[in-house]
Amino acid sequence: MVDLGPNKKRIAQFFRLLGSSNDGERRAAYAKLVAAMRKAGIDWTDMGDIIEGSGDGKFSEEEMLEAVRAARAEGVEDGARIGAARANGNAGGGGGLSLPSPKEMARYCHDRLGHLKDANQREFIGDVFLLTQRRTLSRGQLGYLASIYIQAGGKT
């Protein structure tokens, strides 16, 4: 769904004024609404989509992505702590937790795709398996990989 961004409230106010009984006010509201829509980069089809999609209990694509991000965050945070402990343990020589290299964890998980929790984890492992062949992972990627690795039965 189209995001009206910071113009949302203003566009909604002009839209409501289209129902005014005062012709001059209604014409002015229409002109201002069109200008605000142009500024926001939306057209009448977008407005119809917004109206049609509101209040029906369905989530927009952005709302769904936010829900996925929130669900992932817990696993990523846990994995990031594990990754940090691993890095600190290797650097300082005295950490209690030890994980295999990212490449080894990715291979382990990739070999067990059918045992992973859901399609999001399988897709992530498919992607990260290829990434570990070419470059290092970001801290978030490493954290999520570590959490999946542990969930899949990998040894620490």
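Reply: Let's begin with a term: a residue counts as buried when its relative accessible area is under 20%, as exposed when that value is over 50%, and as partly exposed in between. Please keep in mind that this is a predicted model.

The part to look at is helix H7, which covers residues 139-151. With 13 residues at 1.5 Å a residue, helix H7 should span 18 Å, and this agrees with its end C-alpha atoms, which are 18 Å apart. Its buried residues are Leu142, Gly143, Tyr144, Leu145, Ala146, Ser147, Ile148 and Tyr149. Just after the helix, Gly153 has a positive phi of about 100°.

Now for the aromatic rings. The structure has three aromatic pairs. One of them joins Tyr108 and Tyr149 edge-to-face, with 5.1 Å from centre to centre and 65° between the planes. Tyr108 belongs to helix H5 (residues 102-110) and Tyr149 to helix H7, so this pair links distant parts of the chain, 41 residues apart. Tyr149 counts as buried because its relative accessibility is 5%, whereas Tyr108, at 21%, is partly exposed.

Another pair is formed by Phe124 and Tyr144, again edge-to-face, at 4.6 Å centre to centre with 65° between the planes. Phe124 sits in helix H6 (residues 119-134) and Tyr144 in helix H7, so the pair ties together parts 20 residues apart in sequence. Phe124 and Tyr144 are both buried.

Finally, back to Tyr108: Arg112 lies over the face of its ring, 3.6 Å from the ring centre.

Key:
Residues are numbered from 1 along each chain as its sequence is written. This is a predicted model: local features need pLDDT of at least 70, side-chain atom pairs count only at pLDDT 80 or more; totals for chains, interfaces and linings use all residues. Side-chain values use heavy atoms; hydrogens and water are left out. Helices (H or I, at least four residues) and strands (E, at least two) are DSSP runs, numbered from the N terminus. The expected span of a helix is 1.5 Å times one less than its number of residues. Buried means under 20% relative accessible area, exposed over 50%, partly exposed in between (1.4 Å probe, protein chains only). Rings of Phe, Tyr and Trp (its six-membered ring) pair if their centres lie within 6.5 Å; planes under 30 degrees apart count as stacked, over 60 as edge-to-face and the rest as tilted. A charge sits over a ring if NZ of Lys or CZ of Arg is within 6 Å of the ring centre and within 35 degrees of the ring normal.
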